[in-house]
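Have the structure open and follow along.

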Amino acid sequence: MNCSNFDVSLAFYQRLGFKVVLEFDEEMTFGETGLGPILRLPDDCDGRAALLALSDQPGALRLDLIEWKKPIVNDGPAPNLARRGFGRICLKVLDTDRLHRELIDAGHMPYTPPGRIRLGGSNIKIFCVEDPDGVVLEFMEFIKD
């Protein structure tokens with residue numbers, strides 16, 4: 001996940017429950033490690049990054065959070081979710097109402113309150129919010145009725 005301000009984005013994702021599993025060593029640039037050609041970036045690419053996880057379980061979801069220092073691309077968020085490619089991240093949560101309140105209290109504005117819908121044979125509560133860089137996160141709670 002590319003971000004424009006590592007500290008701000010890290011705080012946002014930690015608020016959602018992500019923990020730092022590995023912070024990448026700043027002694028070498030990403031380019032010096034050989035990542036440039038692998039990522040189709042310049043040989044002198046560099047950034048600040050950490051690998052985040054939602055739990056200590058070996059198979060837990062991982063998020064690689066990166067603020068690129070070189071090259072810098074100032075392209076802003078996409079205009080809406082209908083664009084091609086990556087549109088949003090959907091995360092299963094246990095309590096959408098609690099998370100919704102916590103995000104508002106922290107100054108983030110979800111698109112709507114958690115809404116109840118029936119999708120794919122399941123009853124769910126769902127809402128979306130943007131991270132500090134405009135990446136849309138969708139939170140889904142499965143409800144037993």
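A word on terms before we start: a helix here is a DSSP run of H or I that is at least four residues long, and helices are numbered from the N terminus. Keep in mind, too, that this is a predicted model.

**Helix 4 and its ends**

With that in hand, look just past helix 4: Gly107 sits there with a positive phi of about 95°. At the N-terminal end, Asp95 does the capping, with a side-chain oxygen 3.2 Å from the backbone nitrogen of Asp97.

Which residues of helix 4 are buried? Helix 4 spans residues 96-105, and the buried ones are Thr96, Leu99, His100 and Leu103. Viewed down the axis of helix 4, these buried residues fall within an arc of 105°, so they line one face of the helix. Among the elements covering the buried residues of helix 4 are helix 1 (6-15), strand 7 (122-130) and strand 8 (136-143).

| Pocket | Volume | Lining by class |
|---|---|---|
| Largest pocket | about 770 Å³ | 15 nonpolar, six polar, five charged |
| Second largest pocket | about 230 Å³ | seven nonpolar, one polar, four charged |

Start with the largest pocket, at about 770 Å³. It has 26 lining residues, and the closest to its centre are Asn2, Cys3, Asp75, Gly76 and Asp133. Strand 1 (2-3) and strand 4 (62-70) are the elements that each give two or more residues to this lining. Strand 4 provides the largest share, three residues.

The second largest pocket brings us back to helix 4, which supplies the largest share of its lining, three residues. The lining includes Arg98, Leu99 and Glu102, along with Asp95. Strand 5 (88-92) joins helix 4 as an element giving two or more residues.

**Phe30**

One last stop: is Phe30 buried or exposed? Phe30 is in helix 2 (residues 30-33), and its relative accessibility is 7%, which is why it counts as buried, the cut-off being under 20%. Leaving out residues up to four places away in sequence, Phe30 touches Leu35, Gly36, Cys45, Asp46, Gly47, Arg48, Ala49, Ile66 and Trp68. Glu130 is 100 residues away from Phe30 along the chain, and their C-alpha atoms are 28 Å apart.

Notes: Residues are numbered from 1 along each chain as its sequence is written. This is a predicted model: local features need pLDDT of at least 70, side-chain atom pairs count only at pLDDT 80 or more; totals for chains, interfaces and linings use all residues. Side-chain values use heavy atoms; hydrogens and water are left out. Buried means under 20% relative accessible area, exposed over 50%, partly exposed in between (1.4 Å probe, protein chains only). The arc is that of the directions from the helix axis to the C-beta atoms. Contact means heavy atoms within 4.5 Å. A polar contact is a pair of N or O atoms within 3.5 Å; within protein, one must be able to donate a hydrogen and the other to accept it, and residues adjacent in sequence count only if both atoms are side-chain atoms. On a 1 Å grid over the protein atoms alone, a cavity is a set of points where a 1.4 Å probe fits but cannot get out, and a pocket is an open set with protein on both sides within 12 Å along at least five of seven lines; lining residues have an atom within 4 Å of a point. Grid points are joined across faces, edges and corners, and a volume is the space filled by probe spheres set on the points. Ala, Val, Leu, Ile, Met, Phe, Trp, Tyr, Cys and Pro count as nonpolar, Asp, Glu, Lys and Arg as charged, and the others, Gly among them, as polar.
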